[in-house]
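Please view the chain below before reading the points.

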Amino acid sequence: MIQYKRKYPIFSLCGLNCGLCPRYHTDGSSKCPGCGGPDFHLKHPACSVITCNRKHDQVEFCFECSAYPCSKYANPGNLDSFISYRNVINDFEKARTEGVDQYIRQLREKIKILEFLISNYNDGRRKNFYCLAVNLLKLEDIQNIMAQIGQEIGEQNIPMKDKINRIVSLFEDQARKDNLSLKLRK
């Protein structure tokens, strides 16, 4: 694939929240720059969605294409990879109705929260969980959980394992309320 650059690598052409993917938050050679980020074409030498976009309207997001919703979106799959595909249609709809800039502001807020969780409450096994939870839950609910973390856990002198377990239970409780599973569909 020839070099491919986009204005918002954190929100992909096909609707994934790249900025909430574990590979986006990885150090080393497996780090993904996001869709159309620096050296994207080297990390992802082939992408059927980019190829399709080049043949059609060459838009920034698939939802802007004159053929949307095509079969890819009319019949979305039920499998995930490193990141969940479950919210793609809803995220496209938010970006379309609220505006891409507003959607990107909310996504950046989620990324900031995710980076805080990974930096402060990751025992080496929670990055994928945090990525999935922050991706799937509503920003307002995540912000409420973060407030609870600040009140209940923040500076308390309790073992990190207990802090992490409490944080996981807060996210899982919210997911149950929303009838969500915080597991990738494989």
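In this predicted model, the cover over the buried residues of H6 includes helix H5 (100-120), helix H7 (139-152) and H8. H6 itself spans residues 127-136 and is mostly covered, with 8 of its 10 residues buried.

**Burial of H6**
- Buried positions in H6 are Phe129, Tyr130, Cys131, Leu132, Ala133, Val134, Asn135 and Leu136.
- For the chain, the buried share is 44% of the 186 residues.

**H6 against H8**
- The axes of H6 and H8 (residues 160-177) lie 11 Å apart and form an angle of about 30°.
- Since angles under 35 degrees count as roughly parallel, H6 is therefore roughly parallel to H8.
- The crossing in which H6 passes H8 is left-handed.
- On the H6 side, the contact uses Phe129, Tyr130 and Ala133; on the H8 side, Ile164, Ile167, Val168, Phe171 and Glu172 take part.
- Sorted by class, this contact of H6 with H8 holds 7 nonpolar residues, no polar ones and 1 charged residue.

**H6 against H5**
- H5 and H6 pack with their axes 10 Å apart, at an angle of about 155°.
- Angles over 145 degrees count as roughly antiparallel, so H5 and H6 are roughly antiparallel to each other.
- H5 and H6 cross in a right-handed sense.
- H5 contributes Lys110, Leu114, Leu117 and Ile118 to the contact, while H6 contributes Lys127, Tyr130, Cys131, Val134 and Asn135.
- By class, the contact of H5 with H6 comprises 6 nonpolar, 1 polar and 2 charged residues.
- Tyr130 is listed in the contact with H5 and also in the contact with H8, and Tyr130 is buried.

**The chain as a whole**
- The C-alpha trace spans about 55 × 35 × 30 Å along its principal axes.
- Of the contacts between residues at least 6 apart in sequence, 70% join residues at least 24 apart.

Terms used. Residues numbered from 1 in each chain as written. Predicted model: local features only at pLDDT ≥ 70, side-chain atom pairs only at ≥ 80, totals over all residues. Heavy atoms only, no water. Axes fitted to C-alpha atoms, helices over the stretch in contact; angles between N-to-C directions. Helix = DSSP H or I, 4+ residues; strand = E, 2+ residues; numbered from the N terminus. Parallel < 35°, antiparallel > 145°, perpendicular 65-115°, else oblique. Left-handed = near helix turned anticlockwise from the far one by under 90°. Contact = heavy atoms within 4.5 Å. Nonpolar A, V, L, I, M, F, W, Y, C, P; charged D, E, K, R; others polar. Buried < 20%, exposed > 50% of the residue type's maximum accessible area, 1.4 Å probe, protein only.
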